[in-house]
Amino acid sequence: MRAVHPDAFGVLRVGEAVKPFFLEWEHRAVRPGTMAARLAPYLRYYATREPVDDNVAEPVVLMVFDDEVVEARFLVVVRREVARNRVRVPLYVSNKERLDAEGPLGAAWRVPGVLEPGHAFE
């Protein structure tokens, strides 16, 4: 019921800190309805203690889209769904072009409500 099925799961070590993450490369969720459906399992999962109980630390969710327009549309859907469900999801969103330019460890990631991209693993 609360399981997530990401495209990939990984763990980075940053100094002494362990940073687990879920990675989603999203090609199909391009409309608000499919975007909300894609986000729903993460809202259910982060509404519980499972993210901390299942991992060494709370994993972040990295969502990558093909282009900036779809990424921006997804951020609007995220803000609406997070407010409606009252669940905090540690979500970072990017697109192929920005990731190609900055790299996944660079300032390539946006969070809902913040305009400027930043780092996901600081």
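Asp 66, Asp 67, Glu 68 and Glu 97 form a patch of negative charge on the surface. Such a patch joins like charges within 9 Å, taken from residues with over 30% relative accessible area and no salt bridge. This is a predicted model, in which local features need pLDDT of at least 70 and side-chain atom pairs count only at pLDDT 80 or more, while totals for chains, interfaces and linings use all residues. Residues are numbered from 1 along each chain as its sequence is written, and side-chain values use heavy atoms, with hydrogens and water left out.

Asp 66 sits in the loop between β3 (60-65) and α3 (68-85). Helices (H or I, at least four residues) and strands (E, at least two) are DSSP runs, numbered from the N terminus. Asp 66 is partly exposed, at 39% relative accessibility; buried means under 20% relative accessible area, exposed over 50%, and partly exposed in between (1.4 Å probe, protein chains only).

The structure holds eight salt bridges, each a side-chain nitrogen of Lys or Arg within 4 Å of a carboxyl oxygen of Asp or Glu.

| Pair | Distance |
|---|---|
| Glu 24 and Arg 38 | 2.3 Å |
| Arg 98 and Glu 71 | 3.0 Å |
| Arg 84 and Glu 81 | 2.7 Å |

Arg 98 in helix α4 (residues 96-102) and Glu 71 in helix α3 are 27 residues apart, so this pair links distant parts of the chain. Glu 71 is buried, at 0% relative accessibility. Arg 84 and Glu 81 both lie in helix α3, three residues apart. Arg 84 is exposed at 60%, whereas Glu 81 is buried at 7%.

Conventions: Patch = residues over 30% accessible without salt bridge, like charges linked within 9 Å, V, L, I, M, F, W, Y side chains within 5 Å. Areas by Shrake-Rupley, 256 points an atom, 1.4 Å probe, with all protein chains shown as cover. Lys, Arg positive; Asp, Glu negative; His and termini not counted. Charge placed at Lys NZ, Arg CZ, Asp CG, Glu CD.
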